[in-house]
Amino acid sequence: MPAITNHMPTAELQRLDAAHHMHPFTHGNGLSAKGARVITRADGVWLNDSEGARILDAMAGLWCVNIGYGRHELAEAAERQMRELPYYNTFFQTTHVPAIALAARLAELAPGDLNHVFYAGSGSEANDTNIRIVRQYWAEKGKPSKRKIISRKNAYHGSTMGGASLGGMAGMHAQGGLPIPDIHYIDQPNWWAEGGEMTPEAFGLERARQLEAMINELGEENVAAFIAEPVQGAGGVIVAPDSYWPEVQRICDKYEILFIADEVICGFGRTGRWFGSETLGLRPDIMTIAKGLSSGYQPIGGSLLSDEVAAVISGHEFNHGYTYSGHPVACAVALENLRILDEEKIVERVAEDTGPYLREKWEALADHPLVGEAKIVGMMASLALTPDKSARAAFASSAGTVGFVCRDRCFANNLIMRHVGDRMIISPPLVISRDEIDILIERAWKSLDQCLQDLHEKGLF
Ligand code: PMP
C-alpha cells in the first residue's frame with residue numbers, strides 16, 4: 001500500500017476511511033456514500049481541508065480547542081516530556097512531576113476547596129469515576145443506601161456506559177441496554193422549547209423544584225448526588241433562566257446530597273470565568289473536567305474533589321484507576337495550556353472584550369426571520385430556529401431537518417457551526433479575534449438566509 005499522507009487525492013482518502021474507519025455518532029453507510037471531509041492542518045481558529053478550503057471552526061473542534069490550533073509551545077512541552085519520561089503510572093504508591101504540578105495548579109485555579117484531582121483520560125471516564133466516588137463516599141459514611149444519582153433529560157455526560165447513563169439523551173439510551181440502574185432524570189430548564197405560557201423566571205423555579213420533588217420521591221436516604229452541566233452544551237447550549245441555579249443550589253444545600261458540576265465544556269474559560277460554576281454561582285462538591293484542560297491537544301480529564309469528599313474517599317483503598325490516569329505527557333501539555341490561558345489573559349479577554357463583542361453580534365441574529373431566541377454565555381451560544389417567533393413554534397417537519405439544512409449551508413460557506421435538532425450552536429476557540437467574529441457572523445447570516453430560501457422553495461416557511 002502506498003504511504004497514506006495529506007498529498008493523497010481526497011477521493012482515495014475517503015475510500016480508505018469508509019473501508020476501515022468507523023466514526024463516532026455517525027450513520028456509517030450514509031457517510032461512506034458521501035465521503036468524509038478530510039481535515040489536514042489548522043492554525044488559530046482556521047482549519048484546512050484536503051480540497052484547499054479554509055474553514056472557520058466555530059466549534060473549537062468538539063468545544064475543546066480553547067487556545068486555538070497550532071500552538072508550538074504545547075508540541076514542545078509534549079516532546080520534552082516524551083524524551084524525559086514518556087509514560088509512568090501513578091498506581092502502587094508512585095508519582096511523577098507532571099501529575100504533581102498539574103494537580104497543584106488545578107487546586108489553585110478551582111473555586112472553593114476543590115483541591116484534589118483524580119485523573120482520567122476523558123470527560124466520560126471522569127464521570128464514570130464520579131459515579132463510583134459518590135457511592136463510595138456515602139458507603140464510607142455509613143449510608144450505603146445513598147446510591148441514586150439525579151440527572152436531567154437532554155444532559156450530556158459522555159459515551160461510556162456510566163457517562164451515557166448519567167446523560168439524558170434518549171437516542172443514546174435506546175442503544176446497548178442503557179441506562180444503568182439507579183440514575184433518575186428531571187426535566188431540563190429549556191424555556192424556549194418547554195416553557196409554554198410560563199415566564200422564564202417561573203419556569204426556571206418550576207424546573208429547579210423538580211430536583212426537590214425527585215429527592216423526596218426517591219427518599220433523601222437513597223440519593224447520592226445531583227449532576228448537571230452549568231450550561232447544557234451538547235443538548236443545544238441551553239441557558240437556564242436566571243431563577244434556576246440559585247434554587248438548585250438552595251436545594252443541594254438543604255439536602256444531604258453531593259453536587260457534581262460537569263464542567264467538561266464550561267471549564268477553562270468557556271463562560272468568561274475559569275469555571276462555569278463561578279459564572280453561575282454554583283458551589284459543587286465535585287467538578288468534572290476535560291476538553292479545555294489541554295485545549296484538546298492531549299486526551300485528559302479528571303474529577304476535582306472537595307477537601308471533604310477527598311478525605312472520605314482517602315480513608316480506604318479506592319479500587320479504581322486508568323492506565324492513563326495522570327499520563328505525564330498529557331499533564332505536561334495541560335500545564336502548558338493553562339500557562340498560556342493565564343499569561344495571555346485569554347479568560348479575561350473573553351469576559352471583557354471578545355465575549356461582549358460576540359454577544360452583541362450574536363444577539364442581533366435574533367432579528368433574522370428564522371431565529372427565535374439567540375442565547376450566549378461567554379463563548380458558547382445558540383440560536384433556536386423557528387417558523388413563528390411569537391409562538392415559539394417548532395418546525396412541523398421531522399425534528400432536526402431545518403437545523404440540518406442550516407448546518408449544511410454553514411459547512412458549504414466554510415463555517416463550522418453545529419446543529420442540535422433545530423438549534424444552531426457555536427463554541428469557538430477563546431482566542432477568536434474581533435475580525436474573525438465579524439467573519440463568523442457574516443457567514444452565519446448568509447447561511448441563515450440560504451436556509452430560509454431553501455425553506456421557501458420547499459414550502460416550509
Ligand atoms: N460531559 C460533557 C458536559 C461533555 O460535553 C462531554 C463531551 N462532549 C463529556 C462529558 C464527555 O467527554 P469525552 O468526550 O471527553 O469523554
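Student: Which helix gives the most to the shell around the ligand?

Tutor: In this predicted model, helix 6, residues 123-140, gives the most, with three residues. In total, 17 residues surround the ligand, and the closest are S122, G123, S124, G158 and V264.

Student: What is the make-up of the shell around the ligand by class?

Tutor: Nine residues of the shell are polar, six are nonpolar and two are charged.

Student: Now the sheet. How do strands of a sheet pair?

Tutor: Strands pair through backbone hydrogen bonds, either parallel or antiparallel. Here, seven strands form an open sheet in the order 4-10-9-8-7-5-6, and the pairing is mixed. Strand 4 (114-120) and strand 6 (183-186) are the edge strands, each pairing on one side only. From one strand to the next, the twist averages 25°.

Student: How many bridges join strand 4 to strand 10?

Tutor: Six, and the two strands run antiparallel. Strand 10 covers residues 301-306. Opposite H116 stands L305 in strand 10.

Student: At what angle do helix 17 and helix 18 pack?

Tutor: The angle between helix 17 (residues 401-412) and helix 18 (residues 434-457) is about 130°, and their axes are 8 Å apart. Because of that angle, helix 17 is oblique to helix 18. The crossing is right-handed.

Student: Which residues in helix 17 meet helix 18?

Tutor: V402, V405, C406, R409 and C410 do, and their partners in helix 18 include R443, L448 and D454.

Technical notes
Residues are numbered from 1 along each chain as its sequence is written. This is a predicted model: local features need pLDDT of at least 70, side-chain atom pairs count only at pLDDT 80 or more; totals for chains, interfaces and linings use all residues. A residue is near a molecule or strand if its C-beta atom, placed from the backbone, lies within 6 Å of it. Helices (H or I, at least four residues) and strands (E, at least two) are DSSP runs, numbered from the N terminus. Ala, Val, Leu, Ile, Met, Phe, Trp, Tyr, Cys and Pro count as nonpolar, Asp, Glu, Lys and Arg as charged, and the others, Gly among them, as polar. Axes are lines fitted to C-alpha atoms, for helices over the stretch in contact, and angles run from 0 to 180 degrees between N-to-C directions. Angles under 35 degrees count as roughly parallel, over 145 as roughly antiparallel, 65 to 115 as roughly perpendicular and the rest as oblique. A crossing is left-handed if the near helix is turned anticlockwise from the far one by less than a right angle, and right-handed if clockwise. Two residues are in contact if their C-beta atoms, placed from the backbone, lie within 7 Å. Two strands pair if DSSP finds at least two bridges between them.
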